[in-house]
Amino acid sequence: MPKQLLQSLFSDKLAGVDTESVHKAIAHRLVFSVGKDAVTATARDWFYATAFMTRDRLIERWMETMRSYYVADAKRVYYLSMEFLMGRTLMNGLLNLSFEKECRQALHKHGLDLRQVSEIESDAALGNGGLGRLAACFLDSMATLNIPGYGYGIRYEYGMFSQRIEGGRQVEHPDNWLRYGNPWEFARPEVLFQVKFGGRVVEFSDEDGVLRHHWVDTEDVMAMAYDTPIPGFATSTVNNMRLWAAKASRDFELKYFNEGNYIKAVEDKNESENLSKVLYPDDSTAMGRELRLKQQHFFVSASLQDILFRFSKLHKNFDELPDKVAVQLNDTHPSIAIAELMRILVDVHHLEWSRAWDITTRTFSYTTHTLMSEALETWPVAMFEQILPRHLQIIYEINHRFLKGVMHSFPGDNELRQRMSIIGEDQGRRVRMAHLAVVGSHRVNGVAQIHTELMRQTIFADFDRYFPGKIVNMTNGITPRRWLNQANPLLSALITSRIGDGWIKDLDQLRRLIPLAEDAQFRQEFAAVKRANKQRFAAEMKHCMDIDIDVDSLFDVQIKRIHEYKRQLLNVLHVVTLYKRLCDNPHSETVPRTVIFAGKAAPGYAMAKLIIKLINDVADIVNNDMRIQGRLKLVFVPNYGVSVAEYLIPAADLSEQSNMKLALNGALTIGTMDGANVEIRSEVGENNIFIFGLTTDQVGRLRTSGYRPTDYYMANDELRQAVDMIARGYFSPEEPDRFRPIVDNLLTHGDHYLLLADYGSYLACQKEVEAAYGNQEQWLRKVILNVANMGKFSSDRTIQQYAAEIWQAKAVTR
């Protein structure tokens with residue numbers, strides 16, 4: 001089906017996708033684009049030749065897509081995100097264009113293996129985790145569904161740091177992902193926008209007596225565009241991701257150069273271009289915080305100028321903007337866009353305030369990913385005033401008018417006004433960016449049903465009361481193209497052999513696998529696929545880390561950003577308990593288990609980095625203790641990213657907490673009843689997921705009544721033993737107090753994330769996991785039913801919901 005479509009598309013005017021055409025195109029690109037022949041070409045040269053060949057087959061469709069949007073005068077969706085965790089592009093492009101097999105055969109004719117060639121590509125590590133990966137999934141789904149969608153972000157010269165483990169500790173190294181260039185991007189030096197910082201605001205009255213504002217004496221940086229095509233699967237649509245790089249407004253001061261002071265001449269240039277150097281600068285310093293705020297305004301200002309330039313090609317009346325433009329803010333990072341659009345409309349185009357505000361609020365919508373008030377971004381007013389003085393004035397005016405409305409609706413409730421104010425007074429005067437985003441958007445969405453309900457009840461309860469209906473739910477999803485079709489070709493082939501390949505675009509079709517859970521032959525084939533994936537991962541670990549992993553053991557996987565609230569520490573306590581049991585009773589009957597962690601800690605987050613050290617110190621003792629005979633193993637996989645995930649996820653048997661990608665690839669979930677787990681449980685059935693711990697209501701009651709973690713510590717012998725082993729230096733004999741801060745957090749500083757409260761329930765649930773895994777036929781039934789019921793969690797479903805309920809955007813097909 002996809003092949004016939006593409007052959008017809010390419011038959012006359014586009015490059016061919018048959019094996020012979022691809023073979024010739026690679027050879028041609030090797031010579032004329034890479035400048036090598038087959039004799040002198042390196043493996044990297046062959047990768048570039050293959051990438052250029054693939055890109056050629058995108059370009060004309062890309063251009064036709066962009067033209068079709070103008071012809072249709074379509075409403076466009078602009079997804080603003082500080083992160084896009086794209087991963088490698090070659091295999092994704094080949095599979096979405098449906099000529100991966102032909103490319104494999106063509107490279108084989110050249111004596112090359114496609115998988116080895118594709119692994120030369122660097123990950124585009126322009127993100128840190130869920131936020132950036134969600135953005136990448138959404139771009140894929142918008143293209144697949146023919147939604148006119150664009151991604152806007154920053155072209156970081158250095159992505160998320162490269163993580164190495166040295167002496168058990170995380171050590172950050174620069175991730176120079178552009179070291180060898182990027183064959184997928186197109187530099188657009190002609191697409192250049194001025195972005196202003198600092199300066200001062202001059203007020204004056206125009207000839208009609210209207211008060212105007214002029215932002216002057218600014219420090220200017222130029223934003224230059226780099227475009228990357230984003231192909232949909234089995235469609236002619238190729239959308240665009242546009243990333244901004246900072247360029248100096250002038251190369252250097254010629255006066256300094258002529259005086260021989262070259263260092264001074266390039267100083268300003270370097271400082272300007274630092275804006276797009278690094279993803280998430282360390283915000284533990286004032287300089288780092290300033291840079292982060294500047295990054296946010298930099299990419300938002302350039303994006304809005306670009307959006308308005310494109311809009312103005314066909315439209316002159318800004319009242320039409322919300323009918324032709326939808327801007328989605330991915331978390332609070334881009335929320336300065338609300339003030340920036342108001343500045344452009346009021347100061348530059350002289351729209352009356354109320355008219356500009358109506359346009360702005362109908363254009364923006366906002367996604368929030370957190371329930372923790374401390375994670376909602378705020379900026380000191382003094383810093384904001386120094387960097388963006390005009391925007392602060394605009395925010396003051398937005399806040400004044402908003403609070404006036406609150407006062408009229410709830411007269412006399414001054415505490416309510418203080419809670420809802422965009423300017424917080426609690427810890428010094430600060431701009432609350434989440435409040436700005438809520439006030440300035442027509443829709444605000446959470447990312448899971450329970451998350452949205454709690455958002456309405458907690459952090460945004462006042463706003464939900466004042467703006468009834470504004471807060472809605474959009475349950476997140478993942479793209480099945482990347483996370484099953486590409487990451488797990490063996491399972492994809494097995495599924496397709498039984499139900500066809502329609503599931504790749506319609507994940508609900510996986511429900512046709514439900515009867516096959518009772519098919520002994522299918523269960524056997526499924527088990528063979530899982531074992532092959534585990535063998536592949538084990539081989540990779542042996543090659544990269546020189547660790548031997550038992551592929552018959554249960555692969556217990558937790559892959560999350562390392563953070564206290566992600567509760568990796570609860571998993572470590574379980575490992576220590578299992579280890580103690582095996583030491584006390586070496587001949588006990590237990591299911592062999594390999595516990596696998598992966599994830600990065602923020603460079604300035606000392607506690608998270610100490611947890612990584614603890615994991616590795618525990619691993620050093622457990623993995624080398626001859627008494628347990630390899631029945632328990634602990635592994636920390638360094639430098640977790642999309643490419644590592646593509647090896648690890650298909651191999652997992654058990655997914656800790658919540659991960660749609662693992663469930664889709666045949667791992668059962670163990671987790672608490674929060675986040676996506678509530679909806680996963682509803683879809684897969686309560687007998688096919690392992691739930692432990694306190695419910696949301698129980699957590700609230702426990703905190704209200706006064707949580708005393710030491711009560712749990714004293715009441716549970718195994719918990720006390722595990723904590724004491726860590727506290728007394730069992731895993732760090734050369735430095736017994738190394739992990740004292742972790743223990744103090746649990747026992748004397750309140751155990752904020754309730755690990756000790758959930759420990760007993762978690763261990764009991766893990767016992768259920770062992771029992772279930774011991775009955776492999778029953779385990780396989782559960783696993784197959786998990787895969788079969790994951791259709792709801794496709795990002796295609798999420799994007800269709802956004803398009804219908806928030807963006808009012810329609811597909812454009814040719």
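**Asking around a predicted model**

Me: Where does asparagine 445 sit, in terms of strands?
Reply: This is a predicted model, so take what follows as computed. Counting through the chain, residues 443-446 form a strand, and asparagine 445 falls in that stretch. The strand is β17.

Me: Is asparagine 445 buried or exposed?
Reply: Its relative accessible area is 0%. The cut-off for buried is under 20%. Because 0% falls under that cut-off, asparagine 445 counts as buried.

Me: Which side chain has a polar contact with the side chain of asparagine 445?
Reply: Looking past sequence neighbours within four places, asparagine 445 is in contact with residues including Tyr366, Met455, Tyr802 and Gln328. One of these joins it side chain to side chain through a polar contact of 3.4 Å. That partner is glutamine 328.

Me: OK, lysine 661 next. How far away is the nearest side chain of opposite charge?
Reply: Lysine 661 belongs to helix α26, which runs over residues 660-664. It's buried, yet it has no salt bridge. Leaving aside neighbours within four places in sequence, its contacts are Arg133, Ile478, Trp483 and Ile649. The nearest side chain of opposite charge is that of glutamate 646, and the distance is 11 Å.

Me: Stepping back, what radius of gyration does the chain have?
Reply: The C-alpha trace spans about 90 × 75 × 60 Å along its principal axes. For 814 residues, a compact globule would come out near 28 Å. The chain agrees with that, at 28 Å.

Me: What share of the residues count as buried?
Reply: The chain has 34 helices and 24 strands. Among contacts between residues at least 6 apart in sequence, 75% join residues at least 24 apart. Of the 814 residues, the buried share is 59%.

Me: How much of the accessible surface belongs to carbon and sulfur atoms?
Reply: The chain's accessible surface comes to about 32100 Å². The part belonging to carbon and sulfur atoms is 50%.

Conventions: Residues are numbered from 1 along each chain as its sequence is written. This is a predicted model: local features need pLDDT of at least 70, side-chain atom pairs count only at pLDDT 80 or more; totals for chains, interfaces and linings use all residues. Side-chain values use heavy atoms; hydrogens and water are left out. Helices (H or I, at least four residues) and strands (E, at least two) are DSSP runs, numbered from the N terminus. Buried means under 20% relative accessible area, exposed over 50%, partly exposed in between (1.4 Å probe, protein chains only). Lys and Arg count as positive and Asp and Glu as negative; His and the chain ends are not counted. A salt bridge is a side-chain nitrogen of Lys or Arg within 4 Å of a carboxyl oxygen of Asp or Glu. Contact means heavy atoms within 4.5 Å. A polar contact is a pair of N or O atoms within 3.5 Å; within protein, one must be able to donate a hydrogen and the other to accept it, and residues adjacent in sequence count only if both atoms are side-chain atoms. The radius of gyration is taken over C-alpha atoms; the globule rule is 2.2 Å times the number of residues to the power 0.38. Accessible areas come from the Shrake-Rupley method with a 1.4 Å probe; for residues, only the protein chains shown count as cover.
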